[in-house]
2 protein chains.
Amino acid sequence: MTEKKKTGGLAGVSAGATAICTVGKEGAGLTYRGYDIYDLADNASFEEVAHLLMHDKLPNQAELDAFVARIKSMRGLPDEVKQVLEMIPGDSHPMDVLRSGVSILGNVEPEGDFSNQKNAADRLLACLPSMLLYWHHFHTDGRRIDVETDDDSLAGHFLHMLHGKPPSELHRKTLDTTLILYAEHEFNASTFAARVITGTLSDMHSAVTGAIGALRGPLHGGANEAAMELIQKFTSPEEATQGVLDMLARKDKIMGFGHRVYTTSDPRNSVNKKMSKILADEFGDTLLYEISEAVEKVMWDEKKLFANADFFAATVYHFMGIPTYLFTPIFVCSRITGWTAHIMEQRADNKLIRPAADYIGPGLQVYVPIEDRA
Amino acid sequence: MTEKKKTGGLAGVSAGATAICTVGKEGAGLTYRGYDIYDLADNASFEEVAHLLMHDKLPNQAELDAFVARIKSMRGLPDEVKQVLEMIPGDSHPMDVLRSGVSILGNVEPEGDFSNQKNAADRLLACLPSMLLYWHHFHTDGRRIDVETDDDSLAGHFLHMLHGKPPSELHRKTLDTTLILYAEHEFNASTFAARVITGTLSDMHSAVTGAIGALRGPLHGGANEAAMELIQKFTSPEEATQGVLDMLARKDKIMGFGHRVYTTSDPRNSVNKKMSKILADEFGDTLLYEISEAVEKVMWDEKKLFANADFFAATVYHFMGIPTYLFTPIFVCSRITGWTAHIMEQRADNKLIRPAADYIGPGLQVYVPIEDRA
């Protein structure tokens with residue numbers, strides 16, 4: 001998100017209470033249920049974090065084992081969903097694919113009573129990567145892949161399905177860490193959309209469908225793809241510096257910098273940047289990482305805008321062989337944990353979210369019969 | 001919406017500016033682009049109102065003719081959408097059907113550049129009734145209906161497809177009037193969801209998909225169905241009075257009464273009530289209308305809660321032979337005009353909608369390695 005002005009768009013206006021997350025407040029500036037994001041990124045697995053968000057606590061080993069086994073058992077796709085994924089054009093926006101897949105799942109496996117909500121949430125966590133990569137392979141190489149692998153982690157499962165073989169531990173662990181960083185972010189636009197939908201006491205699939213639609217936008221989740229496209233435009237750090245200066249002079253939007261809530265840095269950036277460097281060295285890259293650093297520097301020097309979570313995530317994914325158009329969908333596979341946590345929190349103390357508006361339209365108009373209208 | 005408390009849920013908090021609608025302010029308490037809802041309900045057609053909302057002005061005759069012809073030409077469904085509608089189970093929630101239909105349409109006919117937005121909006125207005133009734137007939141009587149009729153009005157087209165023959169002018173005009181009343185309502189929850197999604201610069205289908213998901217909830221569009229179910233529970237006005245008293249004593253939620261913004265009455269109710277009486281007399285009903293009046297009276301006497309737009313709309317639709325589970329989807333077929341007007345307005349002066357939250361969770365937690373957790 002690139003956003004400098006702090007007025008309008010409900011900036012700084014509280015839309016409710018949450019016990020899930022702080023942004024720009026305690027510890028490193030990002031906590032999930034009180035745990036500092038650096039602690040979680042350094043020490044926890046994504047599945048532990050998912051349990052923390054969706055099931056309210058960091059699991060002990062027995063709880064984690066049960067959770068992992070449960071999620072693994074829920075990866076399969078109903079035939080109806082597979083048929084729809086095959087029917088969706090191969091050149092569709094993958095976020096539209098996930099939005100449609102989740103919506104159809106809500107028809108085939110409706111949530112029903114809210115007492116089923118944890119089950120519906122776990123199911124979504126388990127099968128989003130299946131939807132995405134089933135569609136991806138069907139349309140890129142004509143294969144109907146098996147969406148059930150033996151990998152315990154979502155990160156391993158994802159890369160296994162994508163590349164057709166289990167990933168290296170470095171790649172698995174790196175993707176796992178980015179999933180932790182992306183899991184939750186308080187009342188960001190997609191989560192807030194999910195809460196607005198939930199506030200009418202609608203179902204979980206409606207709320208998640210709306211959230212995917214919001215995350216799709218370039219001012220939100222779409223930023224990591226836009227960052228990659230920017231970085232790949234340049235052939236040297238010098239060209240990148242000049243190119244960004246030119247873009248700034250033209251007042252072009254540059255994605256992956258600044259944030260609505262953070263003011264001086266995004267705590268997730270240092271983690272992503274470190275991982276990007278490690279993968280660049282392993283990949284043998286001598287260009288994209290340096291271009292990224294050059295873009296980061298000129299944005300700070302010229303605009304005092306810092307790289308946010310999306311900027312270095314782009315090259316991290318690129319070095320793992322993930323196609324750019326799957327970057328934002330990976331965000332979905334992670335953020336589903338935060339979304340469902342917020343949906344359940346909203347329901348626990350629900351109030352319809354219905355703001356007021358400032359009217360700036362015409363005063364009372366005289367109705368003129370159609371035959372007398374100009 | 002039943003909502004009495006005016007705190008929380010952004011009640012009374014401005015989330016932005018709009019030139020489209022006033023609620024509880026001027027004229028009768030509801031205006032569309034400055035026109036009083038009573039003027040529009042008494043004198044305009046739904047297509048004129050749709051043009052007013054989506055194309056910024058009441059059309060003259062030539063503009064209206066062109067608009068009607070254009071919408072008529074856009075009623076057909078792509079094969080992919082028909083196939084998905086056939087695949088969606090017949091016992092699905094029809095709001096889930098529309099949510100999925102719109103999402104799939106966004107894959108098959110993506111909006112693309114925002115310069116195409118008016119076209120995408122018109123297309124949705126034209127084909128929502130087609131989606132709904134194609135699915136309805138396929139699953140209730142096994143027929144693949146023709147979704148292109150010669151009816152000029154959406155109301156006539158809808159009833160024609162539903163009943164397999166053109167409706168009486170009384171029924172067509174009555175449905176038309178309810179569509180006018182439901183078309184737009186400022187920053188209601190579904191419209192606000194659409195604006196939050198639009199705020200990330202996402203596409204129109206994402207925003208409308210989210211809006212449908214929000215309208216689905218019983219605290220929003222679902223209220224007209226809940227009202228019908230309540231009315232049909234009783235066999236006499238006396239039983240209704242006592243039944244509602246019992247429900248109030250048990251603190252049960254009673255749908256179709258009160259409103260987040262209106263404080264003493266909903267201007268749409270008197271129009272719906274009058275139409276319900278006319279149709280009751282035509283239908284030969286001597287019960288449901290009187291039960292509705294009894295419920296309205298006891299809610300006012302006991303709780304000072306007034307019937308809102310949803311309460312008498314229920315019997316209006318019932319007397320036209322519309323199945324209860326299609327009531328909220330009809331709301332979608334109308335409100336698409338307001339939603340798309342707001343999506344276009346949000347884009348014209350966009351700002352990411354990202355509020356803050358009050359943190360009520362735990363303070364900074366000490367991270368404990370998994371082997372040491374209880």
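A:Asp310 is buried, with a relative accessible area of 7%. The structure described here is a predicted model. A:Asp310 belongs to helix α15 of chain A, which covers residues 309-319. The side chain of A:Asp310 forms a polar contact with the side chain of A:Tyr182, at 2.7 Å. A:Phe158 lies 152 residues from A:Asp310 in sequence. In space, the C-alpha atoms of A:Phe158 and A:Asp310 are 19 Å apart.

A:Lys304 is located in the loop between α14 (288-303) and α15 of chain A. Its relative accessibility is 48%, so A:Lys304 counts as partly exposed. The phi angle of A:Lys304 is near 55 degrees, a positive value in a residue other than glycine. Most residues other than glycine have a negative phi.

B:Lys251 is not a glycine, yet has a positive phi of about 60 degrees. B:Lys251 sits in the loop between α12 (237-249) and α13 (267-283) of chain B. With a relative accessibility of 75%, B:Lys251 counts as exposed.

Helix packing was examined next. Two packed helices are described by the angle between their axes and the distance between the axes. In chain A, helix α2 (residues 46-54) and helix α8 (residues 169-182) have axes that come within 9 Å. These axes cross at roughly 20 degrees. α2(A) is therefore roughly parallel to α8(A), as the angle is under 35 degrees. The crossing of α2(A) and α8(A) is left-handed. From α2(A), the contact involves A:Phe46, A:Glu47 and A:Val49. From α8(A), A:Asp176, A:Leu179 and A:Ile180 take part. By class, the residues of this contact are 4 nonpolar, no polar and 2 charged.

In chain B, helix α2 (residues 46-54) packs with helix α16 (residues 327-348). The angle is about 15 degrees, and the axes are 8 Å apart. This angle makes α2(B) roughly parallel to α16(B). The crossing of α2(B) and α16(B) is right-handed. B:Phe46, B:Ala50, B:Leu53 and B:Met54 are the residues that α2(B) brings to the contact. They meet B:Cys333, B:Ser334, B:Thr337, B:Gly338, B:Thr340, B:Ala341 and B:Met344 of α16(B). The contact of α2(B) with α16(B) comprises 7 nonpolar, 4 polar and no charged residues.

Helix α16 of chain B also holds B:Thr328. With a relative accessibility of 1%, B:Thr328 counts as buried. The side chain of B:Thr328 makes a polar contact of 2.7 Å with the side chain of B:Glu225. That side chain of B:Thr328 also reaches the backbone oxygen of B:Gly221, at 3.4 Å. Neighbours within four places in sequence aside, B:Thr328 is in contact with B:Met95, B:Leu215, B:Gly221, B:Gly222, B:Asn224 and B:Glu225.

Helix α5 of chain B spans residues 94-108, and helix α10 of chain B spans residues 204-215. Their axes come within 9 Å and cross at roughly 175 degrees. The angle is over 145 degrees, so α5(B) and α10(B) are roughly antiparallel to each other. The contact of α5(B) with α10(B) has 7 nonpolar, 4 polar and 1 charged residues.

One more buried residue of chain B was considered. B:Leu162 lies in helix α7, residues 154-163. At 7% relative accessibility, B:Leu162 counts as buried, the cut-off being under 20%. Beyond neighbours within four places in sequence, B:Leu162 is in contact with B:Leu133, B:His136, B:His137, B:Gly321, B:Ile322, B:Pro323 and B:Leu326. B:Thr178 lies 16 residues from B:Leu162 in sequence. The C-alpha atoms of B:Leu162 and B:Thr178 are 17 Å apart in space.

Terms used. Residues numbered from 1 in each chain as written. Chains lettered and ligands numbered in written order. Predicted model: local features only at pLDDT ≥ 70, side-chain atom pairs only at ≥ 80, totals over all residues. Heavy atoms only, no water. Helix = DSSP H or I, 4+ residues; strand = E, 2+ residues; numbered from the N terminus. Buried < 20%, exposed > 50% of the residue type's maximum accessible area, 1.4 Å probe, protein only. Polar contact = N/O pair within 3.5 Å; in protein donor to acceptor, adjacent residues only side chain to side chain. Axes fitted to C-alpha atoms, helices over the stretch in contact; angles between N-to-C directions. Parallel < 35°, antiparallel > 145°, perpendicular 65-115°, else oblique. Left-handed = near helix turned anticlockwise from the far one by under 90°. Contact = heavy atoms within 4.5 Å. Nonpolar A, V, L, I, M, F, W, Y, C, P; charged D, E, K, R; others polar.
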